[in-house]
Each structure stands twice: as structure tokens, then as C-alpha cells.
Amino acid sequence: MEQKFTTRKLVWTAVFVALGVIIPYAFHVVPNAWTFLPMHLPVLLAGLVLGPVSGLLTGILSVVLSGLITGMPTVAKWLVMIPELASYGVFAGIFQSKFRKDYTGTLFSLVLAMLCGRIVYAIMSMVAAKVLTGEKPFTFEAFIAGAFTLVIVGIIIQIVIVPPIAMALRRLEK
């Protein structure tokens, strides 16, 4: 994995950040669009294609800029979403650097990054429940519902479309 952060990587990171604002905004014409996890797509792609630094920046900046520009997500959700999305990007980049960049290695890296991101989501949801609401409990059932059950369509979308897009983008780099 190349450690140098080039101008090319910076430009592609900016493209992924822009997509992190545009895609969720476009999805919000659909009721309950958040269940499709549209903001996760460019973050995961940035990590898989460009590495952990780009994944981290895309995860953080997508949440903040989308919130400031569109009002989604609200600032109250940033406490959970910034670490969650940043972790998707970082872990996608780290795992992809450890595995082959073929379909299987990319899919494996993606799934591991998604699981790590869900763990960060659970931790930050517990923190947010305590910070924002005092003693409101965050249960294992609430974690499963929020991290898997309610967003199963988004998870399937990620597994189906992210690896082939990541591989196609890598071919563009050659």
C-alpha cells in the first residue's frame, strides 16, 4: 500500500466526499432512505481504493459537510456517525492493504470493515445514549436492530455493488 498522499489521491478523496454529500441527498426522496446506508458507499470505496487516510477523511468530511449543507445528518447524530463512518473508511483501507485486490480479497476486506464499523457504531451509540439522554439504556437488541435488521437492504447493496466498483476504479488507476 502506498503511504504517500498524492495530489491524485487528494482529488479522488474530494470526489468521494462530494459523493458522500450528493448520494445521501438524492436518496432522501425515498421514505426511510437512511436504511439504504447511502453515505457509507463512497466512504467504503475511498478506503478500499485509496487507503485508510482517504477513507478516514471521506468518512469525517462527508458527515460534516452533508450536515452543514443539507441538514442531514443532524448535529446530534454526528457523535455516532463521524466515528462510525471514519472507521469504515480506515478499516476498509487497512484490510484491503492486507488482502489481494481481486474480488474475493475486496469482498473480504469490505465485510470485515463493515463489521468493525458496526462495533464502533455500537460503542458510540452507547456513549451517545449516555451523553445526550442521561441514563437511557442502549441494549444489545437495539444494537442488532440499528446495525443489522433495519438496514439489511443497505448492507446487501454494499456487498453487491461496492466490490465491483472498487475493482473498476482500481483499473482506472493503472
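**Entry 1: E84**

I started with the contacts of E84. Leaving aside neighbours within four places in sequence, E84 touches H40, G117, V120 and Y121, where contact means heavy atoms within 4.5 Å. I noted the basis of the model next. It is predicted, with pLDDT of at least 70 needed for local features and 80 or more for side-chain atom pairs, while totals for chains, interfaces and linings use all residues. Residues are numbered from 1 along each chain as its sequence is written, and side-chain values use heavy atoms, with hydrogens and water left out.

E84 is found in helix α4. I took helices as DSSP runs (H or I, at least four residues; strands are E, at least two), numbered from the N terminus. Is E84 buried or exposed? Its relative accessibility is 7%, so E84 counts as buried. The cut-offs are under 20% relative accessible area for buried, over 50% for exposed, and partly exposed in between (1.4 Å probe, protein chains only). I also looked up its distance to T149: 65 residues apart in sequence, 17 Å apart in space, C-alpha to C-alpha.

**Entry 2: α2**

H40, one of the contacts of E84, is also among the buried residues of α2. How many of the residues of α2 are buried? I found 11 of the 11, so α2 is largely enclosed by the rest of the structure. The buried set includes H40, L41, P42 and V43 at one end of the list and L48, V49 and L50 at the other. These buried residues pack against α1 (7-27), α3, α4, α5 and α7. Just after α2, I saw that G51 takes a positive phi of about 110°.

**Entry 3: α2 on α3**

I then checked the packing of α2 (residues 40-50) with α3. The angle is about 165° and the axes are 7 Å apart. Axes are lines fitted to C-alpha atoms, for helices over the stretch in contact, and angles run from 0 to 180 degrees between N-to-C directions. The two helices are therefore roughly antiparallel. That label needs an angle over 145 degrees; under 35 is roughly parallel, 65 to 115 roughly perpendicular, and the rest oblique. The contact uses P42, V43, A46, G47 and L50 of α2 and P52, S54, G55, T58, G59 and S62 of α3. I list 5 nonpolar, 6 polar and no charged residues there. Nonpolar covers Ala, Val, Leu, Ile, Met, Phe, Trp, Tyr, Cys and Pro; charged covers Asp, Glu, Lys and Arg; the others, Gly among them, are polar.

**Entry 4: α3 on α4**

Next came α3 (residues 52-70) and α4 (residues 75-98). They pack at about 155°, with axes 6 Å apart. The pair is therefore roughly antiparallel, and the crossing is right-handed. On the α3 side the contact includes P52, G55, L56 and G59; on the α4 side it includes W78, M81, I82 and L85. The residues of this contact divide into 13 nonpolar, 5 polar and no charged.

Which residues of α6 (residues 140-149) are buried? They are F143, G146 and A147. They cover an arc of only 85° around the axis, so they sit on the same side of α6; the arc is that of the directions from the helix axis to the C-beta atoms. They pack against α5 (103-133) and α7 (152-173).

Last, I looked at V127, which lies in helix α5. At 34% relative accessibility, V127 counts as partly exposed. V127 and A76 are 51 residues apart in sequence and 12 Å apart in space, C-alpha to C-alpha.

Technical notes
Left-handed = near helix turned anticlockwise from the far one by under 90°.
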